[in-house]
Amino acid sequence: MENIYLLIVLAPLVGAILAGFLGGSLGRKGAHWVTSTGVGISAVLSLYVLKRFMFDDQEVFNGAVYTWMVSDGLHMEVGFLVDQLTAVMISVVTFVSFCVHIYTIGYMADDEHNWPKTSLAGKNSYQRFFSYISLFTFSMLMLVMANNFMQLFFGWEAVGLVSYLLIGFWSVRPTAIFANLKAFLVNRVGDFGFILGIAAVAMYFNSLDYHEVFAMAPSLADTQIQIWGDSSWSLMSLIGILLFIGAMGKSAQVPLHVWLPDSMEGPTPISALIHAATMVTAGIFMVARMSPLYELSETALTFVLVIGATTAFFTGLIGIVQNDIKRVVAYSTLSQLGYMMVALGVSAYAAGIFHLMTHAFFKALLFLAAGSVIIGMHHDQDIRNMGGVKKYMPITYWTSLVGSLALIGFPGFSGFFSKDAIIEAVHHSNIAGAGYAYVLVVAGVFVTALYSFRMFFLVFHGEGPRDEHAKAHLHESPKVVTIPLILLAIPSVIIGYMTIDAMLFGDWFKGVLYVLPEHDTLAAVQGMVHSSNGMLAHTYASVPFYLAMGGLFVAWYIYMKNPEIADKIKTMAAPLHTLLDKKYWFDEAYQFVFAGGSRLLGKFLWLAGDRGVIDGLAVNGSAFSVGWLAGIIRHLQSGYLYHYAIAMILGLTLMLGWFVFA
Amino acid sequence: MTFEKFIFYVLAAVLIISATMVITRKNPVHAALSLILAFVASSGIWLLAEAEFLAIVLVLVYVGAVMVLFLFVLMMLDIDVATLRAGFIKMLPLGILMAIAMAAELILVVGPENFGLDKFAAPARHAADYSNTEELGGVLYTVYMYPFEIAAVILLVAIIAAIGLTMRRRPDSKYLDPANQVVVKRKDRVRMVSMDAEKG
Amino acid sequence: MQFDSNQLIPVLPEIYILSLACLVLVIDLFIKQENRIVTYGITQIGLLLAVAITVAVGQPQTQIIFDGSYIRDPMSDVLKVGIFVVSFLAFLYAKDYLRDRDLFKGEFYTLGLFAVLGMIIMVSANSFLTIYLGLELLALSMYALVAFNRDSQDGAEAAMKYFVLGALASGILLYGISMVYGMTGTIRFDELGGAIQKVGLDNVVLVFGLVFIVIGLSFKLGAVPFHMWVPDVYHGAPTAVTLFLGSAPKIAAFALAMRMLVDGMEPLVGQGGWQGWQGMLIVLAVLSMAIGNLIAIAQTNIKRMLAYSTISHVGFILLGILAGTKEGYTAAMFYTLVYALMSAGGFGIVIALSRRGFEAENLDDYKGLNQRNPWFAGMMLLLMFSMAGVPPTVGFFAKLFVLDAVVSVDLTWVALVGVFFSIIGAFYYIRIIKLMYFDKPSDESPLSMGVDTQVVLSLNGLSMLYLGLFPAGLLSICHTAIGG
């Protein structure tokens, strides 16, 4: 099996290298073939691994493949930990990535139009794009298959780097450059916490291996440490919160969420890849993987819970007022990530991962469908200009409907099971902040339904596109676009019903995700609903269901039946609308405080520190003195043989004097 | 003082004086001759230590072959002594100072307190039929075979290096081949030319 | 003692190289100048075969034969392979240079192979006598090679200086050996340690002899203040010879130090004090790092610059040895092997830039190399970064391991000195990079290199990066070789 695991990781890397370095000679066709084949191999093998775990009692693999170096007993290795959690993650990652690869063939087909004729970067951009998305898949696989913090960090950073490259893929657009810089910087803030967390682990556990750390964790559960002064900190809380700060950056939690909507500047396939299967789920995965550490600190769990709930509700609200089709989906991603975090916060790790999985399918579906519409609309992304697309793009329409229903948690769809499980788990949780979270996640259901169907109705129903020219050219997308849509629509419907019994109520994650008995909210949920069918039967009694239906109805009424109301509400609640439209002024505040502040500081340091002290005294001063000294000493090398001989004898005499007679 | 000791001191004094002369004589031929004297004196000391073979080899090889060859070279070359010694006087005070320091250090260590008879007992005198040569040969070809072979390789390298550095075929060197000289015919060398007489 | 030819199996590499040298010597006589490539081919194939033979006779146990004159252990196997590989590289880079300058002669390879023989004899020596003879064999071949270009005044002068100072150093070394032998009565390294214990560690004659031995050793290594020959010889010798002289013999010099100080006289290490060789090596290492790096800055000739850089690297190698622990020896061995590779590559580039009638010796000749040949500018960049110790090149790890070893024996101040002078040293390596990338070329002619040189030089440069990213392989080899 070790070879299979290696192949899963390396196949996308090989594809990426071939397409990246030999893209010019491979040609467009060659590039998309090698990368898609690579990821396809990974996907098939991942599904095989998943199958082995499901039906054949595959043993958990945990071993090092290569030891990079050993420093002070700290082993830095490349190693794999493949258990049920990993199997689920790699299957989702590779499957979605594979769909995205196929879809990209259609979406990027005429990418050269996006570049100015003279741009060098525009040359072979098609191949480069394929190289990037394969590399992205590789990074994500390294991240989820890691068995140690070192490799986790490597994957973490690699994912960040490639996302930077992808978001700014259209490097001739200033907005794209701004967005990728923003994504990178915000992630840097998160990574700073993350690496401090890893450092804390290395310092107190003296190991980077998951199993060793987890095994030692209970014995350090009550450790208090002093960071400065006399204030004492719980080690576990500190590690948990620091690592979570990293997750906040990657998984775009408030207040580090600002990069994600802007990242829509990248081509749509990568929006699907980043938001559905890979980058943003890294944080969720990481916290679930670290469950043995998080379980030991209620403080850290509460922190996770509150941040998650805040994200879930407030970013959903912003989604209501957005007009860019991709941004609406982006805010819905933020909100759903919030839900996942909430699940982790109440120790329902399995529910978090479960939602991650279902969300990966329907969110990828929604993004790709949005992309399909964008292709149809000739890259016009404003939903106010759309309408009536249904009759021109039937496949996109029906798959979008499936995705939206799954997103709002319509009974029977995959989102229903995962989201309801989370809400129920919060309901049963007793840790601090659970009440706050419960109110927000329940209210969030209404909001989700509202913004999803607002977009759905505006795009697909009603009058045709306003622009007559666009209308004339509107037609269904090619097969490479629609087939991935259909491929993704199937699991969006059925995956929840099929797997919930095993993942949430069965022992699929037994021994993988660690939950203290007093935190086990999922057991409480199970006590109430028993099974998937039980959940369906409970639908009539659940508040979220009525809220979702309410949201759907309101969306229909406001945007279909009675459009004037929308404008009326807008004027009535103008301050609220502005608040949402400006996204709570996060961007402006960050721009002013952090960007402005650091520029000011930078300028000060440049003038006073750099030019004055460092350039003036340290660099030029020391360079001058070293040069002067060197100029003097070099005269010792006179070139005369007898000088050399005398120097040797002198050295001998002095050393004899020092060592023998001193 | 036994006779042996007397001989030893005489030889040692000769050795030191002649060695000093090697580096102080202005004329290189004198220096070489002093070196021969030093060799002879040290071979005498070898004899006192019952190492006849080494003593004989020292005289045969160094005095008989190496130094004679060296003298030939010296006499054939016109060496400008003045330039060679240009730096000598300038460095002399420093040199003397260091020599004194060095000598002091050596004497302090290599003296009776570390090498005295109380530390190392005098070796027993060998019988008259004891052959130093045989002993040397015995270990040289058994225990020290490997170093001995390496020494042979070093000699080979010395030959290769010497030839490699000195042998050269000059393209401009002129030499005659006697065989060609003998077979030369008149017509090879003489050409008959008939010319019209100059007019006017 | 019953003689059994099986006993000769461990010594096969030496026997083989000697036979190879003689074979090359004889065959070369019957080869016309235009077919000289045959001599080269035999030498190179022979060196590769030597690697195979060394690996074949290698085994984890230690074997001592010839009445204690010869030792074969994992360390000797690894170092021999290193010497063969680096010599192979050196001969390969040198080929075009020699051919362009009418120096393409059989003696180069004969003498080169004898030098290799000298090195592997040192690596496998188990007595003072053997190690000294190996040293002389190496030195003699080198003297001749330095003067190889007989029309070069500089070469002759350099060879003369090297020879006279080398003889002086040999004398010092022998004097020290005689003192140690006088006290202990043995020249075998495997017996020396016990004999030293018996005589007593505070014996003044032993320390006296030790000083002489360490000084003889530091001359061979080129440590300050016994380094004076290094720049002149590197500068004066033909670049092809400098390349050879500056790479493989460092491995042999490391073996020299390991065999004499560690195998033979480890009890005299003098932990934490100023009596043993640890203290002496601290003095030498600190001086080497300081003087080497400082003077290198003032050089405008790249061969001289690399000579001073060698001196500073030697300081680092000594740093590893003076730690006196397995960890330190491993680090020093790693450093030595890496340095030999770096040095071969660096001089390889110097040779690649030179051509008939033009020696790329001045730093200004590197101006704008990136525009003339971006690929080899990149290789030079890797090599220079590696020498400076910039991650992720292997030079960084080499320095890191050494410093780690020194710190772990509580000699933090020495490590700090090392770091300090590394920073100063980084200047002149990075200056070359600056010249290559940010200055306009003064000479636009393209580089002329054979395909073989291009391929191997590229591999050489990339190995800096590869070993830097994956240092564990080489490190574990060194670890096993030291037996820690």
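Between chain C and chain A, the rule finds one residue pair in polar contact, with both residues at pLDDT 80 or more. A polar contact here is a pair of N or O atoms within 3.5 Å; within protein, one must be able to donate a hydrogen and the other to accept it, and residues adjacent in sequence count only if both atoms are side-chain atoms. This is a predicted model: local features need pLDDT of at least 70, side-chain atom pairs count only at pLDDT 80 or more, and totals for chains, interfaces and linings use all residues. Residues are numbered from 1 along each chain as its sequence is written, chains are lettered from A and ligands numbered from 1 in the order in which they are written, and side-chain values use heavy atoms, with hydrogens and water left out.

Back to the interface. The rule finds zero salt bridges across it; a salt bridge would be a side-chain nitrogen of Lys or Arg within 4 Å of a carboxyl oxygen of Asp or Glu. The contact (heavy atoms within 4.5 Å) takes 44 residues from chain C and 26 residues from chain A. Together the two chains bury about 3100 Å², 81% of it on carbon and sulfur atoms. Buried area is the accessible area, with a 1.4 Å probe, that two parts lose on being put together, summed over both. Of the area that chain C buries against chain A, 18% comes from Leu165(C), Met228(C) and Leu294(C), more than from any other three residues.

Now one residue. Asn301(C) sits in the loop between helix 11 (277-297) and helix 12 (302-322) of chain C; helices are DSSP runs of H or I, at least four residues, numbered from the N terminus. The side chain of Asn301(C) reaches the backbone nitrogen of Arg304(C) at 3.1 Å.

Conventions:
Helices (H or I, at least four residues) and strands (E, at least two) are DSSP runs, numbered from the N terminus.
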